[in-house]
Amino acid sequence: MLHVQNRELVMPGQLLAEGGYIINEGAFREGGRVYASVVGLADIHGQKIRVIPLRGRYIPKHGDIVIGVVIDTHYSGWILDLNSPYVGNLFVSDLLRRKVDLVREDIGQYLGIGDVVVAKIKDVNELMRVQLEAGEPSMGRVAGGKLVEVVPTKVPRIIGRKGSMLNVLQSVGGCRLTVGQNGRVMIWGDDPRRVNAVIEALLMIEREAHTSGLTDRVRLMLEKVKSEGGE
Amino acid sequence: MEKPEKLIVDGKRLDGRAPDELRPLKIQAGVLKRADGSAYVELGKNKVLAAVYGPREMHPRHHQQPDTAVLRCRYNMAPFSVEERKRPGPDRRSVEISKVAREALEPVVFLELYPRSAIDIFIEILQADAGTRTTGITAASVALADAGVPMRDLVSAVAVGKVDDTIVLDLTKEEDQWGTTDMPIALMPRKKLITLLQMDGHFTHEEFKRALALAFNGCEQIYEAQKRALREKYSVKPEEE
Amino acid sequence: MYEIVSSVKRDYIVDLARQGKRVDGRALDQCRDVSVETGLIKSAQGSALVKLGSTQVLAGVKLERVEPFPDTPPSGVLMVNAELLPLASPTFEPGPPDENAIELARVVDRGIRESGAIDIDKLGITPGEEVWAVFIDIHVLDHDGNLIDASALAAIAALWSIKTPKVEGWTLPEFPIVKKPVAITMAKIDEKLMVDPCLSEENVMDARATVTTVEDGSICAIQKGGVGCFTREDLEAAYELARARAEDLRKHIG
């Protein structure tokens with residue numbers, strides 16, 4: 001039996017349902033009852049129930065694409081800040097995709113402190129120790145562009161259903177984007193005016209993530225900037 | 001101010017409240033930019049700000065727990081928050097309050113979800129008028145929810161006491177000073193579980209039971225205000241051009 | 001703890017500076033939006049909450065009777081203290097004031113003291129025995145850059161909000177506040193001076209200069225910070241900027 005409606009805003013401790021529901025995230029079971037554990041939107045699909053969180057830190061998950069910042073180096077790799085309670089460890093062999101003779105090669109030539117790296121979460125163990133890999137062509141150190149940080153819980157909205165929002169941002173916005181699940185977004189574009197418009201659009205998505213018709217509003221906004229022409 | 005002859009006249013307290021009445025309460029969620037979560041609470045003349053950072057990396061590292069997050073809490077009074085300027089920094093009172101406040105909040109937080117990390121709560125008393133620890137806990141619990149920290153429930157807190165032989169809810173500074181009893185309580189309202197309880201003064205068994213009932217009632221009102229504040233911050237406001 | 005700034009962010013801000021632009025779209029000589037709210041704290045004789053963009057600072061003033069300093073027996077005492085509360089930034093840690101908090105308090109102190117903003121000689125009670133002490137406590141609530149200007153403005157606005165203090169034993173008609181010193185800080189990034197740096201600018205700046213001026217445009221305090229350097233021309237320009245912007249901020253006082 002359900003006690004909330006789909007898409008309803010719920011509070012921690014609020015009763016969502018009774019009975020054999022499958023909990024996805026943002027909820028917990030006590031006895032035969034399911035309660036919300038975070039402020040968020042109830043999302044119910046058949047017997048599956050979850051609460052889409054509206055705020056919260058990024059927690060690394062296997063397979064996620066993230067954007068990290070190098071904060072330390074060690075003998076065989078680097079430690080990356082992931083905008084998360086947990087840092088990521090990137091071995092040089094997982095960056096270069098080859099064996100590296102650490103005695104003969106200075107790994108400092110590949111990455112330094114402050115560098116921004118697009119990486120994939122290769123593994124997370126039960127102690128939340130995070131291994132990264134960055135060997136694919138779209139990964140590794142990034143240069144130029146603008147780094148924007150948004151609330152990580154809003155990332156799914158920035159990407160959109162089947163990448164629809166990201167598509168609009170890139171095609172109508174005239175910029176190239178890399179979106180990290182950890183709330184970091186890289187933007188590259190030739191026209192600073194359009195880069196700024198895309199940043200504006202990202203902030204708009206962050207603010208209005210849970211409203212409908214958002215993709216159309218973003219498209220409209222970016223089209224306006226596009227039609228106003230260059231400098 | 002000198003002790004008035006009576007603190008309750010014709011069933012009304014010095015500020016005009018009935019014995020079972022809360023002071024005016026105002027709660028706002030999400031008032032700071034840098035913090036992961038924050039809340040501002042006014043209860044009568046109390047003005048309290050709470051911020052939450054985390055879960056974040058635990059420093060120093062040797063304080064990390066392999067299987068759980070560690071909740072840390074710091075209660076602090078601004079030097080100008082009280083009549084006579086308080087010297088900055090922790091004293092024995094604030095260290096104790098930090099501890100009991102942390103223990104009042106810890107039961108609701110799913111710490112086991114974030115091994116090795118820290119969740120930090122900072123409670124700042126900007127203006128004090130009795131009941132700062134309970135107001136601080138009320139604020140901190142909203143700040144935790146605002147930070148998106150998974151919780152079993154919110155925590156609502158209030159003080160009850162005895163003034164002129166009457167059991168009253170939510171004591172003011174005068175009532176705390178000249179009354180006989182002060183009992184701060186924090187509650188997980190959904191399951192009616194007490195997470196903070198302190199008392200100094202004197203209660204008979206009967207008075208204690210009545211005080212508890214009054215406190216539960218007060219917490220219930222605070223709970224509704226906390227949820228209202230969070231709803232206000234997060235409810236859907238489609239901004240049309 | 002300090003923040004490691006990503007190379008991408010640094011390059012972006014420096015690149016913008018080269019074009020005479022700023023990360024939040026402001027002009028180089030433009031302050032963020034300012035608001036000043038006084039009288040919030042009833043337990044203090046004076047108080048002011050200053051918002052400078054997202055930076056928030058609360059200052060409270062308490063008046064207390066104390067023994068004077070032996071070298072100035074008839075004069076009142078001024079004390080400025082600043083707390084970088086851990087609630088205000090992930091990089092602030094609990095504990096006694098560190099060098100940043102102490103520098104902040106001392107820069108604010110110098111602006112007020114050296115401008116003669118408070119007529120301290122009027123704060124004697126019994127010469128050599130008892131005088132009024134003015135405690136200014138600066139509580140940093142949200143750190144998004146330029147704490148010095150926000151704190152200095154909060155302090156002076158709190159002092160001007162006192163009027164006739166409600167404190168036992170006060171006999172003067174009014175609190176003797178006479179001047180309005182205003183601190184303006186400029187960050188130097190890639191040879192450009194930027195007024196009122198936000199946090200991301202502070203994180204990449206080479207150096208900063210704070211110039212505190214009073215109503216007639218004269219200087220009462222200066223503080224250079226950061227490891228970079230200033231030329232003489234920089235300082236000429238900084239002074240002109242400080243004087244102009246101080247005039248705007250001064251409108252928010254008293």
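Predicted model: local features only at pLDDT ≥ 70, side-chain atom pairs only at ≥ 80, totals over all residues.
1. Chain A is assigned three domains, namely domain 1 over residues 9-53, domain 2 over 65-141 and domain 3 over 146-228. Taken over C-alpha atoms, the centres of domain 2 of chain A and domain 3 of chain A lie 27 Å apart, and the contact between these two domains draws 10 residues from domain 2 and 10 residues from domain 3.

2. About 790 Å² is buried between domain 2 of chain A and domain 3 of chain A, with carbon and sulfur atoms giving 58% of that area. On the side of domain 2, the residues that lose the most area to domain 3 are A:Ile65, A:Ile67 and A:Asn83, which together account for 64% of what that side buries.

3. A:Asp81 forms a salt bridge with A:Arg184, in which the closest N and O atoms are 2.5 Å apart.

4. On the side of domain 2 of chain A that touches domain 3, the elements giving two or more residues are β8 (65-74) and β11 (116-124) of chain A. Strand β8(A) gives the most to that side, with 5 residues, and by class the side of domain 2 that touches domain 3 has 7 nonpolar, 2 polar and 1 charged residues.

How values were computed:
Residues numbered from 1 in each chain as written. Chains lettered and ligands numbered in written order. Heavy atoms only, no water. Domains from an automatic or database assignment. Contact = heavy atoms within 4.5 Å. Buried area = accessible area lost by both parts, 1.4 Å probe. Salt bridge = Lys/Arg side-chain N within 4 Å of Asp/Glu carboxyl O. Helix = DSSP H or I, 4+ residues; strand = E, 2+ residues; numbered from the N terminus. Nonpolar A, V, L, I, M, F, W, Y, C, P; charged D, E, K, R; others polar.
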